[in-house]
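Notebook open, structure loaded. I'll jot down what I look up as I go.

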Amino acid sequence: MDRIHRITDDVFLVRGTAVNWILLREGRDLTLVDAGYPRDLGLLLASVEQLGHRIEDLRGVLITHAHVDHIGALPELLRRHPAPVYAHPDEVALLRGEKHEQASTWDVVSRSWRPRFARWALTVARAGARTHVRIPEAVPFPGPGPLDLPGRPSPVPCPGHTSGHTAYELADAGTVLTGDALITAHPLSGHSGPQLLPAFFTHDTRASLAALDALRGLGADTVVPGHGPVWRGPVAKAVDAARAHAPQGYRGRQR
Ligand SMILES: [Zn+2]
């Protein structure tokens, strides 16, 4: 099964365990955006190799936010190849484990009477969802504007899901990597298309709705989310669809 989806010649979405990571290529060099669950390490290493690269080609790792499904394989990856890890200044404390903004075990267990939920909880538990992952090496990315990394990603802060949640725009590719600020499918969701995660995953639902404006203003016509498939079309349209169907529990939702 091919887990790699080519967005452009140098931008690749890779599907892990119900979560995505992204590889950006520039010549022999790579940027990794997010890193799957702890037990996605094998898939992560395989995805680098499948593109004809080695882990030593990684020039840097960018993090959208410090949840276990996005940073799980990173400690072992960094042990093999100590690449620099960057995130929003407000996310660094979460990455270092000094603060937590993640759904609790209770949030998950209390909903497990629903079959769809129980299936998902089991899948992600096997992938290491209950591991406490810390990335002490994480540092704030320097200033606004394109970063000096393969793919020239530009941080687009969109706080709410976590305090320092950040999307990354690839202006040349007309693409935005939206992390969990805007997704396109999830095992717990009854529909596909641009949407928001269930409210209990989100630290500040009102902020996360407001932060969609930061994405809406971009010129991108390709949305590469943290969960779900690539979505093609103006990002403004994706944002409007997600807002119109904001799940229950989102404070400030329209309807
Ligand atoms: Zn996620």
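Which residues is Ile 135 in contact with, leaving aside its neighbours within four places in sequence? I get Ile 71, Leu 74, Pro 75, Leu 78, Val 85, Leu 95 and Arg 96, with contact meaning heavy atoms within 4.5 Å.

Ground rules before I go on. This is a predicted model, where local features need pLDDT of at least 70 and side-chain atom pairs count only at pLDDT 80 or more, while totals for chains, interfaces and linings use all residues. Residues are numbered from 1 along each chain as its sequence is written, and side-chain values use heavy atoms, with hydrogens and water left out.

**Cores.** Ile 135 is among the residues with the most contacts inside the largest nonpolar core, which has 44 residues; Leu 32, Leu 74 and Leu 77 are the others. Another core lies apart from it and has 22 residues, including Leu 196, Ala 199, Leu 218 and Ala 242. For a core I take buried Ala, Val, Leu, Ile, Met, Phe, Trp, Tyr and Cys residues joined through side-chain atoms within 4.5 Å. Buried means under 20% relative accessible area, exposed over 50%, and partly exposed in between (1.4 Å probe, protein chains only).

**Zinc site.** Next I looked up the zinc ion. Its protein donors are Asp 69 (OD), His 70 (NE2), Asp 180 (OD) and His 227 (NE2), at 2.1 to 2.2 Å. Donors are N, O and S atoms within 2.8 Å of the metal (3.2 Å for Na, K and Ca); water is not among the atoms, so sites may look incomplete. The donor spacing in sequence reads D-H-x109-D-x46-H. Asp 69 sits in helix H2 (residues 68–71) and His 227 in the loop between strands S11 (222–225) and S12 (231–232), so this pair ties together parts 158 residues apart in sequence. I take helices (H or I, at least four residues) and strands (E, at least two) as DSSP runs, numbered from the N terminus.

Why is the arrangement around the zinc ion irregular? The 4 donor atoms subtend angles of 90 to 159°. Four donors would count as tetrahedral with all angles between 85 and 135 degrees; four count as square planar and six as octahedral if opposite donors are over 155 degrees apart and all others between 65 and 115, and anything else is irregular.

**Asp 180.** Buried or exposed? Asp 180 is buried, at 5% relative accessible area; Asp 69 is buried at 8% and His 227 at 3%. The Asp 180 side chain makes polar contacts with those of His 70 at 3.1 Å and His 161 at 3.3 Å. A polar contact is a pair of N or O atoms within 3.5 Å; within protein, one must be able to donate a hydrogen and the other to accept it, and residues adjacent in sequence count only if both atoms are side-chain atoms.

**His 165.** His 165 is buried too, at 0% relative accessibility. Its side chain reaches the backbone nitrogen of Asp 180 at 2.9 Å.

**S10.** S10 pairs with S9 in the antiparallel sense over 3 bridges, and 4 bridges join S10 to S11, which run parallel. Pairing needs at least two DSSP bridges between the strands.
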